[in-house]
Amino acid sequence: MTKYKINMKKPFVLAIAAGLLTVMSCNNQNNVTVGDFASYPAYTKGDLGLTYTPQASTIKLWAPSADCVQLNVYDQGSESEAIETIQMERGAKGTWSATLKGDRKGQFYTFQVTTEGKTLSETPGVWNKAVGVNGLRAAIIDLADTNPEGWAEDKHVEVKNYTDIVIYEMHHRDFSISDNSGITNKGKFLALTEKGTLTPEGLASGIDHLKELGITHVHILPSYDYGSIDEAHLEQGNYNWGYDPKNYNVPEGGYSTNPFAPEVRIREMKQMVQALHEAGIGVIMDVVYNHTFVNDESNFSLTVPGYYYRQTEEGDYSNASGCGNETASERPMVRHYIVESVKYWANEFHIDGFRFDLMAIHDIETMNTVRQELDKINPGIFVYGEGWMASSTPLPAEQQASKHNGMKFPRIAVFSDDIRDGLRGEWMSAGEGGFATGKVTQRQKESIKFGVVGATQHPQVDYSKVNYSGAPYANNPVEVINYVSCHDDECLRDKIDMVAKDATPAQRKRMDLLAQTIVMTSQGVPFIFCGEELYRTKQHIRNTYNLPDEINRIDWSHKAKYADVFAYYKGLIQMRRQHPAFRMATTEQVVENLHFVDSPEGTVVYTLNGAAVGDEWSEVYVVLNGNRGGVNVQLPVGEWNIVCEDGKMQLDEPRAFGGGEFWVHGTSALIAFRK
Ligand code: CA
């Protein structure tokens, strides 16, 4: 039996204070051994939560360890007194149900579970799809009412190979909150629906900017309902990344124009997806099923105490997330919950991809099930995650969806911290640089090569010298995310400032460009952090998860100020999207068509056989020079066209070069092709 402790003191007292214990009359009728989670029968019929019709609303809950469950009905989403309280009826396999007659649209409800003689706090349950302000009460709505005009025609974006994807990771507030964003719905889902917005200098901002940049998918930071922002007081303008899940199947109210009206946040998020789809851009959600915002007071704990979380041997919450708890995906109803939640977002909101936070906390079987179920909806839906965790877990290592086990969950990608830190320096040592900043040791160089081959098996990579991984972790390049920065830690410009203090501002900018050149030309799936293309800064602050907009926001005046940086990023993305040589889908193709060439110290040089993968560039020559100084390289004699040199992209006007000795400037890339 799994031991677990739950602290019921507080909810018990609250229940007494609310006078609710008096209406409870229930015996210990449950058929399970409380705390022995294996004795809890799974229920996967698909009707948990609300089933709404204008004639009646049926509400169902899975709570096998409950002695009884009370349903409280309200006419408001917060604060008001219950207008009705109903004892739910016990059904099969640990379920409880109640039917409310008549059209209940616009009403709200909570559950109150009594288990082991104790009555827990109210909860909107775990299967709710709509909530009132701050996600305290579930809402009765008709989901069909939330569809924007034309929603039936809205489709997932089409993806052939995941390596065709270029990901842009953004926070809603970062992207639009600045005074100079030109956007009206600042910090809202609707910001991404506004076309024709401009920076003060008259350049495209908002969604038009994304189209101009050429990315294929936007990865939005947590946008389910999270707990750290008071939705009733949005005028306070508080900021949070949102890694504190509350209601998994409901959009966050803080990003809507009215968090009190349950249907508004749903409709507005759909409008956002629709607008991005119309622009040809997919939407990826950052999902955080690995932990919840609170422990005993989470919707999970208030429904089936202990079940949704792993426990230590002492019976406490284990804490692989570093946030106070970790979920137990290996238990049938937790796995079922995660899988159904992902399917719901994909079906109801037409979401095109999922980024799993601390994915190694989840077990491999759960991730494989997620992949299989999404394939039934659309195989182009992309799944990736962090192949690590924040602390230790009771889940055995061989079951963890970690990058070290990456080959056991095919077609799901993991982030490559190997190339990231190879490029910029190790995350735990603030002053340490990487290949792009001029630290060009064998370790950095091999970590770059590891990234170039998309974390796959390649005969010319010495895996023993790679940063953190002694072996490849991708079956194919579609299973790795190459990146140099994301919301975590310093943004790229800040990191370079900190590790290359001796360099001039111009040199540091070149380091930024070189780093992203390597990200965009490597095999695998490239990923950039919002605003890097505008040379953003976060004032050299490492962890900005709850800091004010002043630190986190994009300053749109940078688009004119750093026009050279933007043009370079845009050119890089354009080159990648036009040339399949940079986006091979299989390891076999990479092994056959990507060859490293002997090269001077501090450089990585390789050729690509474009012809073999249908590229009009039959041969591509790539020189990555991490040295601060220039080096001579020898190109074979031939009719080369140089599209990138000395920190400039010149895709539309390549320079002709007949081969032979070529001077590659310090901290820059050379990219040349032959037809
Ligand atoms: Ca919220």
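Two strands pair if DSSP finds at least two bridges between them. Helices (H or I, at least four residues) and strands (E, at least two) are DSSP runs, numbered from the N terminus. With that, take Gln634, which stands opposite Glu661 in S27.

Before I go on: this is a predicted model, local features need pLDDT of at least 70, side-chain atom pairs count only at pLDDT 80 or more, and totals for chains, interfaces and linings use all residues. Residues are numbered from 1 along each chain as its sequence is written, and side-chain values use heavy atoms, with hydrogens and water left out.

Back to the strand of Gln634. S23 covers residues 631-635, and its pairing with S27, residues 660-664, is antiparallel over five bridges. In a regular strand the side chains alternate between the two faces of the sheet. In S23, Val631, Val633 and Leu635 make up the covered face, while Asn632 and Gln634 are on the uncovered one.

Next, the domains, with bounds that come from an automatic or database domain assignment. Domain 1 is 12-146 and domain 2 is 593-674. Their C-alpha centres are 64 Å apart.

Now the barrel. Eight strands close into it, in the order S10-S11-S14-S15-S16-S17-S18-S19, and the pairing is parallel. On average, neighbouring strands of this sheet are turned by 30° against each other, direction ignored. For such angles, axes are lines fitted to C-alpha atoms, for helices over the stretch in contact, and angles run from 0 to 180 degrees between N-to-C directions. Phe415 has Ile481 in S18 as its bridge partner.

Strand S16, residues 382-385, contains Tyr384. Is Tyr384 buried or exposed? Tyr384 has 0% relative accessibility, so it counts as buried; the cut-offs are under 20% relative accessible area for buried, over 50% for exposed, and partly exposed in between, with a 1.4 Å probe and protein chains only. Its C-alpha atom is separated by 32 Å from that of Leu234, 150 residues apart along the chain.

For contrast in position, Thr53 sits in the loop between strand S1 (49-52) and strand S2 (56-62). Because its relative accessible area is 30%, Thr53 is partly exposed. From Thr53 to Ile481 there are 428 residues in sequence and 44 Å in space, C-alpha to C-alpha.

Two helix pairs. H6 (residues 332-348) packs against H7 (residues 364-377) at an angle of about 30°, with the axes 10 Å apart. H6 and H7 are therefore roughly parallel; angles under 35 degrees count as that, over 145 as roughly antiparallel, 65 to 115 as roughly perpendicular and the rest as oblique.

H11 (residues 505-521) and H14 (residues 563-578) have axes that come within 10 Å and cross at roughly 15°. That makes H11 roughly parallel to H14. The crossing of H11 and H14 is right-handed.

Last, the metal. Which residues coordinate the calcium ion? Asp225 (OD), Tyr226 (O), Glu231 (OE) and Glu252 (OE) do, at 2.2 to 2.3 Å. Donors are N, O and S atoms within 2.8 Å of the metal (3.2 Å for Na, K and Ca), and water is not among the atoms, so sites may look incomplete. Along the chain the donors follow the spacing D-Y-x4-E-x20-E. Asp225 is buried because its relative accessibility is 0%, and Glu231, at 2%, is buried as well.

Technical notes:
Left-handed = near helix turned anticlockwise from the far one by under 90°.
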